[in-house]
Amino acid sequence: MRTSPSLKAITVFNLRRSSSSSFLHTCRLGRERLLFSNNFEALFARRTTPFRFPQARFRSSFHSNSFMEVFKAAYKKRSMARDSVAIRADQKSYSYDQLVSSALRISSLLCSNDLKTTSEKTKNENSAVLAGGCGARIGIVAKPSFEFVAGVLGTWFSGCIAVPLALSYPESELLHVMHDSDISMVLSTEDYREVLQSVAAKSGAKFSLIPPVPNVSSETTVFDQSQAEKMDGQRGEDPALIVYTSGTTGKPKGVVHTHKGIAAQVQMLTEAWEYTSADQFLHCLPLHHVHGLFNALLAPLYAGATVEFMPKFSVRGIWQRWRESYPVNGNGAGDAITAFTGVPTMYTRLIQGYEAMDTELQAASASAAKQLRLMMCGSSALPLPVMQQWETITGHRLLERYGMTEFVMAISNPLRGARKAGTVGNPLPGVQVKIAEDESGSDAAGVGEICVKSPSLFKEYWKLPEVTKDSFTADGFFKTGDTGKQDEDGYYIILGRTSADIMKVGGYKLSALEIESVLLEHPAVAECCVLGLPDKDYGDAVSAIIVLEEKAKRDQEKSKPVLSLQELCTWAKDKLAPYKLPTRLFLWDSLPRNAMGKVNKKELKNQLAAQQ
Ligand SMILES: Nc1ncnc2c1ncn2[C@@H]1O[C@H](COP(=O)(O)OP(=O)(O)OP(=O)(O)O)[C@@H](O)[C@H]1O
């Protein structure tokens, strides 16, 4: 899951840094009448006449009870333009019709296989799995692609539970997740056949390639009576998706999302950020995390937008795609990217890429980026200097929001209105947030654990009923494990993971995120990670791991010291209270980040502490 950068310490104060790493039935694709039923009733009453989706946008009632909400909303676009593009990938475009046809084939494939559904043990632990569809877990392993999306939709059509698996998992981790979620079948593509056939065999799962993309002109996409009846048996409360946490605070846990929760989330995001069918998303995030899966894929599809995959994040590729979207001569191809969402590290890299361009290319790039409708950021704290630099270059004040695997997105700066730096904004429509202050009174007033109640809350941790129970307050709020507070306008400020970002120094509780944001303003600092290492006098010692800017790095390599702890503290003393100044400094070549650009501080702390 995590990358394994080859870290080479260039100066480490008495420490060597570690090289640690990181899819009931029979579906007939014939010319039959289109029948939708049950949960569609409100919007799509059962009918035997050619189906027409309503043109009206779905507004946020957040009570849709259908696992098909996402699909239905995507499919509505069909009434507007049969062949409108849902997915672009590898220079090819795939229509919404192709997506539906492909998903039906996958559903048919799954239904024709004798899939184990729910083991006795799991039945006892996850009662919800028994309700409705077959409930078998289908592992989906594919690069971000049309096939991946069809795999998820097809799994939902069949009544099974989709488990997106990371391509980057080492085999042991893949096997852990497959065993844990008791995967019945792995759906994948030719490129991963060899590896995954072997892994599937080891975990007792079946393996299948995702069927080829259908040529829709030769087929009509319909549901038959048996499917409609089967859907009658499905409920919004049935599990639809298991996403595994990144494991930055413990072993990865399977987070179970229901159809209803997914529907609520995509409606919520579509409304809050005004996603429409005119949007074209450039997508370069992994699909086994909620940011890439919900914000940049399911919600856009719900809105009838187009999602263009760039499976590997490429600074050059992104700038180029924006320039192609909005060429200086004004002759765009009509498929201009309108929306982008990324993690803070992506914006850092894009800034570095911009700085390395010549003046002419910079002008063309900045002018193109300015013309996107929306640029968003999240998954970890957006440092102020990065936000400011990005605004200077592109004119976009990044829309920062706060989310988590367990509730997807909960708090967001507004689309229209003040986006406040250093905050994540206000609860999304339908979401309740409260701050639970520590009963011991050890926190400053107004500071405490962020607790969330939302229509998009997960149902449970897979096979972990006790952990699930302990994660909720008596009044049904999910305890996030993040510490936060509100500013004078009520905007939420995330101070960090309580277990990893909150340091106890002397009598003070300090936010590592706040200190990181300041240190990043230093001209020689490219990246920074602050954590508390054990200290016999103060409890935690504020420790900064810094990656230098390229030039500073070169100077340092030529034995010209560019940054010492003392220099850093002298520079920072006007910006940070004395007790917040770092007392230990490590200069590293790079930071070990996972697929979402996050540093696993818990792991780092243990390694560094062991070396002390
Ligand atoms: N805008 C943001 N600012 C600060 N932190 C954020 C922001 N958005 C997300 N986060 C952090 O990311 C966390 C959610 O990420 P995710 O669900 O992937 O969990 P994780 O911490 O990476 O992994 P695990 O749950 O395994 O520990 C939040 O709890 C919060 O700490």
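These legends go with several close-up views of the predicted model shown above.

The model is predicted, so local features are given for a pLDDT of at least 70 and side-chain atom pairs count at pLDDT 80 or more, while totals for chains, interfaces and linings use all residues. Residues are numbered from 1 along each chain as its sequence is written.

**View 1. The chain as a whole.** To get your bearings, the chain has 19 helices and 26 strands; helices (H or I, at least four residues) and strands (E, at least two) are DSSP runs numbered from the N terminus. Of its 612 residues, 50% are buried. A residue is buried if 20 or more other C-beta atoms lie within 10 Å of its own, exposed if 12 or fewer, and partly exposed in between, with C-beta atoms placed from the backbone.

**View 2. Helix H3 packing on helix H5.** Here H3 (residues 96–111) meets H5 (residues 146–158) at an angle of about 55°, and their axes are 7 Å apart. Axes are lines fitted to C-alpha atoms, for helices over the stretch in contact, and angles run from 0 to 180 degrees between N-to-C directions. H3 and H5 are therefore oblique to each other, given that angles under 35 degrees count as roughly parallel, over 145 as roughly antiparallel, 65 to 115 as roughly perpendicular and the rest as oblique. On the H3 side, look for residues including Leu99, Ala103, Ile106 and Leu110; on the H5 side, Val149, Leu153 and Phe157 are among them. The residues of this H3–H5 contact divide into 10 nonpolar, six polar and no charged. In this scheme Ala, Val, Leu, Ile, Met, Phe, Trp, Tyr, Cys and Pro count as nonpolar, Asp, Glu, Lys and Arg as charged, and the others, Gly among them, as polar.

**View 3. Helix H11 packing on helix H12.** H11 (residues 315–325) and H12 (residues 344–355) pack at about 75°, with axes 9 Å apart. The two helices, H11 and H12, are therefore roughly perpendicular to each other. From H11 come Val315, Arg316, Ile318 and Trp319, which meet Arg349, Leu350 and Gly353 of H12. The H11–H12 contact residues divide into four nonpolar, one polar and two charged.

**View 4. Two positive phi angles outside glycine.** Gln91 is not a glycine, yet has a positive phi of about 65°. Gln91 sits in the loop between strand E2 (85–89) and strand E3 (92–95) and counts as exposed, with 5 C-beta neighbours inside 10 Å. Val408, also not a glycine, has a positive phi of about 60°. Val408 belongs to strand E15 (residues 408–412) and counts as buried, with 29 C-beta neighbours inside 10 Å.

**View 5. The surroundings of Val452.** Val452 lies in strand E18 (residues 448–453) and is buried, with 23 other C-beta atoms within 10 Å. Beyond its neighbours within four places in sequence, Val452 is in contact with Phe407, Ala410, Val431, Val433, Phe477, Phe478 and Thr480. Two residues are in contact if their C-beta atoms, placed from the backbone, lie within 7 Å.

**View 6. Leu591 in its loop.** Leu591 is found between strand E26 (584–588) and helix H19 (601–611). With 20 C-beta neighbours inside 10 Å, Leu591 counts as buried. Leaving aside neighbours within four places in sequence, Leu591 is in contact with Glu527, Cys529, Ile545, Val547 and Val599.
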